[in-house]
Amino acid sequence: MMTRREYLRLCAAAGVALAAHPGRLLAADGPRALITRMIPGTSEALPVVGLGSSASFSRLAGQGDTAGVREVLEALVEQGGTVFDTAPSYGAAEEVAAKIARDTGLKDKLFWATKVNVAGRGGGSADPAAARAQIEQSFDWLGKQAIDLIQVHNLGDVPTQLGLLKEYRKAGRVRYIGVTTTFPGQYGELERIMRDEPLDFIGVDYAIDHRVMEERIFPLAEDRGIGVLAYQPFGRTRLWQKVEGHALPDWAAEHDIASWGQFFLKFVVSHPAVTVATPATSRARHVIDNLGAATGRLPDQAVRRRMIEYIESL
Ligand SMILES: NC(=O)c1ccc[n+]([C@@H]2O[C@H](COP(=O)([O-])OP(=O)(O)OC[C@H]3O[C@@H](n4cnc5c(N)ncnc54)[C@H](OP(=O)(O)O)[C@@H]3O)[C@@H](O)[C@H]2O)c1
């Protein structure tokens, strides 16, 4: 749990005006106004930074630290964030987070994005009954009539599982559907699916040192009106290792960047094809830091090039 002293320091660093009552993460005037982006083809806007739940978040949930998970989810909402990306395969993450969201009422403030996959990665086939049962489990945990987004995880048996999601969307039980992959060997298949299927979203890995999405997938998403969830904006541990022991460049402050997390996230969300980046974290103070990337100025093309050059020079 964060101490009051840590909270004050973080909010000051993140530019948050403080609420009168201690111990809360609220800005004085309620949740921060964050930069938003439209879901293509809709009038629905989402804050450009959300929260992922594999990696360290899923470890926290797996340890049974419900207070810690609750603090992270509450920080997301109190900072003005909404998008929460999870999956049945992230250990205890989805179940623990969903129960907290249901019990606290946070479920009505979150844009809940989960996944389905009973086929494994790539070639396996999905038993439709098992896939349906997995989807129904997500509904049961969260206790909502409709889930915002369900995607086929890792392109597992897309004909069967996306077919099922289309039925759920038609029935109004799922608002948006999509597919995800972070495996380079699946990017070609992803393109084919983006051309052939009526997707609302894709979820793909995109980071300042992993920009292959800019070549074909992002232009295709823009052409086809498909929203993009940007996964692994820090490359999980890759970028943290890269900048270890290095200070931010002096010019970062000119772009309202106060931390390496904000540097990496501002790069990701300044690409126009990206709807929302979903960094994972197990710490409320990192949620505050990360959502700071959805405030202030975003880098333009010239600054984006400068950011890449700086990272490549380390
Ligand atoms: N195929 C798929 O569908 C797929 C694949 C990969 C990812 N995803 C989604 O995308 C999400 C993000 O990807 P990821 O979890 O692999 O990696 P990531 O978000 O790139 O990195 C997470 C790591 O960064 C650390 N971190 C977060 N904020 C920080 C901050 N402000 N300062 C310092 N460290 C910070 C976290 O540790 P702390 O806990 O210490 O903050 C954690 O170790 C996943 O959780 C998942 O929801 C989906």
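I started with helix α5, which covers residues 128–142: it has 15 residues and runs 22 Å from its first C-alpha to its last, close to the 21 Å expected at 1.5 Å a residue. A reminder to myself: this is a predicted model.

Next I looked at the ends of α5. At its start, a side-chain oxygen of Asp127 comes to within 3.1 Å of the backbone nitrogen of Ala129. After the helix comes Gly143, and I noted that its phi is positive, near 70 degrees.

Which residues of α5 are buried? I found Ala131, Gln134, Ile135, Ser138, Phe139, Trp141 and Leu142. I then checked what the buried residues of α5 pack against, and the list is α4 (93–104), β5 (111–116), β6 (147–152), α6 (158–170) and β7 (174–181). Phe139 turned up again when I looked for charges over rings: the charged end of Arg173 sits over the Phe139 ring, 4.1 Å from its centre. I found another such case in Arg304, whose charged end sits over the ring of Phe267, 4.0 Å from the centre of that ring.

On to the aromatic pairs. My search of the whole structure gave 17 of them. One that I opened up is Phe57 with Phe84, a tilted pair with 5.5 Å from centre to centre and 55 degrees between the planes. This pair links distant parts of the chain, as Phe57 lies in helix α2 (residues 55–62) and Phe84 in strand β4 (residues 83–85), 27 residues apart. Both Phe57 and Phe84 are buried.

I turned to Phe263 and Phe264 next. Why is this pair edge-to-face? The ring centres of Phe263 and Phe264 are 6.1 Å apart and the planes stand at 85 degrees, so the pair counts as edge-to-face; planes over 60 degrees apart fall in that class. Phe263 and Phe264 are both buried. I also followed them into one aromatic cluster, made up of Phe234, Trp240, Trp251, Trp260, Phe263, Phe264 and Tyr310.

Last, the ligand. How many residues surround it? I counted 28, and the closest are Ser56, Thr281, Ser282, Arg283 and His286.

How values were computed: Residues are numbered from 1 along each chain as its sequence is written. This is a predicted model: local features need pLDDT of at least 70, side-chain atom pairs count only at pLDDT 80 or more; totals for chains, interfaces and linings use all residues. Side-chain values use heavy atoms; hydrogens and water are left out. Helices (H or I, at least four residues) and strands (E, at least two) are DSSP runs, numbered from the N terminus. The expected span of a helix is 1.5 Å times one less than its number of residues. Buried means under 20% relative accessible area, exposed over 50%, partly exposed in between (1.4 Å probe, protein chains only). Contact means heavy atoms within 4.5 Å. A polar contact is a pair of N or O atoms within 3.5 Å; within protein, one must be able to donate a hydrogen and the other to accept it, and residues adjacent in sequence count only if both atoms are side-chain atoms. Rings of Phe, Tyr and Trp (its six-membered ring) pair if their centres lie within 6.5 Å; planes under 30 degrees apart count as stacked, over 60 as edge-to-face and the rest as tilted. A charge sits over a ring if NZ of Lys or CZ of Arg is within 6 Å of the ring centre and within 35 degrees of the ring normal. A residue is near a molecule or strand if one of its heavy atoms lies within 4 Å of it.
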